[in-house]
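Please take the sequence and the model together, and follow the chain from its helices to its strands and loops.

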Amino acid sequence: MFAIKSLTLQLKRLLDESAANIEKDMTGIQAGIIAYINISSETGEVFQKDIEEEFNIRRSTATGILNSLEKNDMLKRESVSYDKRLKKLVLTEKSNLFCKKIRETLIADEKKLTENLTAEEIEFFLKIIAKMMKNIMY
């Protein structure tokens with residue numbers, strides 16, 4: 001159990017450091033969310049609920065992160081015509097400038113993380129993680 005916690009902390013540090021190299025106050029989760037919105041908005045609209053599900057975070061956590069990104073002019077929330085309750089997430093010009101760098105950084109971090117692992121080992125590890133997540137999901 002502590003090995004997983006240790007890996008999680010090291011991974012968070014790596015992602016936070018990489019994100020801060022892109023934009024001073026950006027965190028790893030913020031960079032990941034920007035990348036996700038950038039990729040996902042190519043095929044449709046992205047909403048807070050999508051972020052909560054993709055990153056497996058609570059509504060309050062997602063709200064805090066999105067509020068911070070909005071405050072830092074990295075995204076904006078726009079109303080949709082078909083449901084007044086929904087606000088789609090749209091990247092700003094500022095965040096669009098970082099998207100390519102964020103993607104490159106995330107790819108480099110993943111490459112560093114999986115260095116010396118075979119494709120089969122990575123696939124097996126991801127299957128184990130998925131099973132463990134399923135075991136503890138609420």
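The model is a predicted one, in which local features need pLDDT of at least 70 and side-chain atom pairs count only at pLDDT 80 or more, while totals for chains, interfaces and linings use all residues. Residues are numbered from 1 along each chain as its sequence is written, and side-chain values use heavy atoms, with hydrogens and water left out.

Helix α2, residues 28-40, packs against helix α3, residues 48-55, at an angle of about 120 degrees and with the axes 11 Å apart; the axes are lines fitted to C-alpha atoms over the stretch in contact, and angles run from 0 to 180 degrees between N-to-C directions. The two helices are therefore oblique to each other, since angles under 35 degrees count as roughly parallel, over 145 as roughly antiparallel, 65 to 115 as roughly perpendicular and the rest as oblique. On the α2 side the contact (heavy atoms within 4.5 Å) is made by Ile29, Gly32, Ile33, Tyr36 and Ile37, and on the α3 side by Asp50, Ile51, Glu54 and Phe55. These residues divide into six nonpolar, one polar and two charged, where Ala, Val, Leu, Ile, Met, Phe, Trp, Tyr, Cys and Pro count as nonpolar, Asp, Glu, Lys and Arg as charged, and the others, Gly among them, as polar.

A hairpin of two residues joins β1 to β2, and Lys76 has Val90 of β2 as its bridge partner.

Thr105, in helix α5 (residues 93-113), is buried, with a relative accessible area of 14%; buried means under 20%, exposed over 50% and partly exposed in between, with a 1.4 Å probe and protein chains only. Leaving aside residues up to four places away in sequence, Thr105 touches Ser18 and Ile22.

Most residues other than glycine have a negative phi. Asp73, in the loop between α4 (59-71) and β1, is not a glycine but has a positive phi of about 60 degrees, and is partly exposed at a relative accessible area of 44%. Asn116, in the loop between α5 and α6 (119-136), likewise has a positive phi, of about 70 degrees, without being a glycine, and Asn116 is exposed, with a relative accessible area of 75%.

Conventions. Helices (H or I, at least four residues) and strands (E, at least two) are DSSP runs, numbered from the N terminus. Two strands pair if DSSP finds at least two bridges between them.
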